Amino acid sequence: MSAQPRPEASTPGSAAQAGSDDRAGSVQAPEARLLTEAVTRLRRALRSSIRTDYPWETLPMAQVELLQVLGEHSPARISDLAARRRLAPSTVSGLIGQMISAGLVARDVDAADRRASVVTLTDAGREKLAAWTTAHERRIDAALGALDDDAREAIGNALPALFQLAENLGSEAGEGTPER
């Protein structure tokens, strides 16, 4: 991946704030645009670089995200999974069908309502999720290790704010608790 120049973020009071909305404490459009670009680049770089450590992995990201939710909230109904991932229930149902065929999840009767079903992780699903997580953490750790101390410190200091941002975005979309 070639190094691309990093755009400079605007500072409070700069001309770059023109066009912002009038809400107190709002983030300015240039910062939102830069954060969107950074998140997009990080996701793309992580997805492509993971093939180095985990070349056999073909699991689609939508299925990985469902495994992650089930790793934290299992058993779960299809409708709950759909709400947490902001997907249509029919989409989640299709993904779950594929994951059942792959042996990653199992469908069971909901003990609270025998008319409904719930989805749980299988041992194979837990193992796949653990391997995926380990490989990603290893890649991120290596990338962090290549940064200077100031950059690593800045990222560490930004983590609480990034989790708060994710919580705010989830709240705006009607989600309950943030996924961490």
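Student: Which residues of helix 3 (residues 78-85) are buried, and what makes them count as buried?

Tutor: The buried residues of helix 3 are Ile78, Leu81 and Ala82. Buried means under 20% relative accessible area, exposed means over 50%, and partly exposed lies in between, with a 1.4 Å probe and protein chains only. The helix itself is a DSSP run: helices are H or I of at least four residues, strands are E of at least two, and both are numbered from the N terminus. This is a predicted model, in which local features need pLDDT of at least 70 and side-chain atom pairs count only at pLDDT 80 or more, while totals for chains, interfaces and linings use all residues. Residues are numbered from 1 along each chain as its sequence is written, and side-chain values use heavy atoms, with hydrogens and water left out.

Student: How do you know on which side of helix 3 the buried residues lie?

Tutor: Ile78, Leu81 and Ala82 cover an arc of only 100° around the axis, so they sit on the same side of helix 3. The arc is that of the directions from the helix axis to the C-beta atoms. An α-helix has 3.6 residues a turn, so residues three or four places apart point the same way.

Student: What covers the buried residues of helix 3?

Tutor: The cover includes helix 2 (61-72), helix 4, strand 1 and strand 2 (117-121). Contact here means heavy atoms within 4.5 Å.

Student: Why is leucine 104 called buried?

Tutor: Its relative accessible area is 5%, and the limit for buried is under 20%; therefore leucine 104 counts as buried. Leucine 104 is found in the loop between helix 4 (89-101) and strand 1 (105-109). Leaving aside residues up to four places away in sequence, leucine 104 touches Leu59, Leu67, Met99, Thr120, Leu121, Thr122, Ala124, Gly125 and Lys128. The C-alpha atoms of leucine 104 and alanine 124 are separated by 5.4 Å, although the two are 20 residues apart along the chain.

Student: Why is arginine 86 called partly exposed?

Tutor: The relative accessibility of arginine 86 is 49%. That value falls between the limits of 20% and 50%, so arginine 86 counts as partly exposed. Arginine 86 lies in the loop between helix 3 and helix 4.

Student: What makes the peptide bond from serine 74 to proline 75 cis?

Tutor: Its omega is near 0°. Proline 75 is in the loop between helix 2 and helix 3.
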